[in-house]
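Please walk me through this structure in the viewer. Tell me what to select at each stop and what is there.

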Amino acid sequence: MLIDAYARRFTYLRLSITESCNFRCSYCLPDGPDCSSRKDELTLPEIKRLVKAFALLGTRKVRITGGEPSLRKDLTDIIAACKQTDGIEQVALTTNGYRLQRDLSNWQQAGLDAINVSVDSLDAATFHLVTGENRLPAILDGIEQAMAAGMGKVKLNTVLLRQHNALQLPDFLEFVRDKAVSLRFIELMRTNDNQSYYQQQHLSGASIQQQLLRQGWQLEAKVRSAGPALEYSHPDYQGQIGLIMPYSKDFCADCNRLRVSSRGQLFLCLFTEQHQNLRHLLQDDNPKPLMHYLQRAVLGKAASHELHQGNSGSTRHLAMIGG
Ligand code: SAM
């Protein structure tokens, strides 16, 4: 098992497969990615060995993320490889939705269980402004397709932005009225690249929380394996609203996740100074050296990130590690 010094058990791997992205989200990569990282991306055989070692240590869920994971031509093979690994029960994907309409059925056939799609606004002009891409209708159509195709869990991620979408709560609520999706507001996190943007746009999720409670939304009980979102439901709505508030007290107390970057670096936290290179341990099929390394490494995981102190570690933007 992977257990740290605070008795937290890690059963969830977030695996970034590329730093590259085709969107220019204003809080993440407004000037585009550094494409030089692409040549160092983990190969499919390296990914298979990595996931096998994690699975042997109790990992049950893999989320494939990036950058934009669908930019990789072998994404379908990566999904299949994760799904076929003994012990892996759930394979999820976080995407901007750009390839959803074209590739969803291939991903499903490969074994994809769940999908999170980033949608920062349901207003086409705001979406364009925030992401740099005028693609909202196609992305919403892809989400409809995913639901119609019986994709188990479909979630929407919305980064809460004071000047862009914070006043659009009624649109988001209307969206989930008759759709069985969970729409989660993620509080904007401060990274080394977005500090002045953070000052302008950060808004605590508590402001949404208060509006939800006033309108009769109720907090759902959390199951142990759940992620960091607080989920709210309402009898008049089929969907749910989630809040991810990394600045809230005890956010890290039940952390169950580890991250590996597209270059094969282990990040014990999204906001840390240190990372460990795993690549040399991914060059042959014996999982034991990597397993021993991981078991020792997790003991160095800090109790909490230091975002409250304005310390984002070495994280320039979330595409680096896989947000
Ligand atoms: N390209 C994919 C996507 O758009 O979902 C996956 C990678 S993206 C880095 C993963 C998630 O992180 C997205 O929902 C994105 O909106 C979120 N994100 C990126 N930077 C963030 C920040 N500074 N604070 C909060 N969320 C952020």
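Select helices H1 and H9 in this predicted model: they cross in a right-handed sense. H9 covers residues 288-297, and its axis comes within 9 Å of that of H1, at an angle of roughly 60°. The two helices are therefore oblique to each other. To see where they touch, show the side chains of Arg49, Leu50, Ala53, Phe54 and Leu56 on H1, then Leu290, Met291 and Leu294 on H9. Sorted by class, this contact has seven nonpolar residues, one charged residue and no polar ones.

The crossing of H1 past H2 is right-handed. On H1, pick Leu44, Ile47, Lys48 and Val51; on H2, pick Asp77, Ile78, Ala81 and Cys82, and the contact is in view. The contact of H1 with H2 has six nonpolar and two charged residues, with no polar ones.

Now select the ligand. How many residues surround the ligand? There are 18, and the closest are Tyr27, Gly67, Glu68, Ser118 and Met189. Start with Glu68, which has a polar side-chain atom 2.9 Å from a nitrogen atom of the ligand. Next take Met189: here a backbone N or O atom is 2.8 Å from a ligand nitrogen atom. End at Asn157, where an N or O atom of the side chain lies 3.4 Å from an oxygen atom of the ligand.

Note on methods: Residues are numbered from 1 along each chain as its sequence is written. This is a predicted model: local features need pLDDT of at least 70, side-chain atom pairs count only at pLDDT 80 or more; totals for chains, interfaces and linings use all residues. Side-chain values use heavy atoms; hydrogens and water are left out. A crossing is left-handed if the near helix is turned anticlockwise from the far one by less than a right angle, and right-handed if clockwise. Helices (H or I, at least four residues) and strands (E, at least two) are DSSP runs, numbered from the N terminus. Contact means heavy atoms within 4.5 Å. Ala, Val, Leu, Ile, Met, Phe, Trp, Tyr, Cys and Pro count as nonpolar, Asp, Glu, Lys and Arg as charged, and the others, Gly among them, as polar. A residue is near a molecule or strand if one of its heavy atoms lies within 4 Å of it. A polar contact is a pair of N or O atoms within 3.5 Å; within protein, one must be able to donate a hydrogen and the other to accept it, and residues adjacent in sequence count only if both atoms are side-chain atoms. Axes are lines fitted to C-alpha atoms, for helices over the stretch in contact, and angles run from 0 to 180 degrees between N-to-C directions. Angles under 35 degrees count as roughly parallel, over 145 as roughly antiparallel, 65 to 115 as roughly perpendicular and the rest as oblique.
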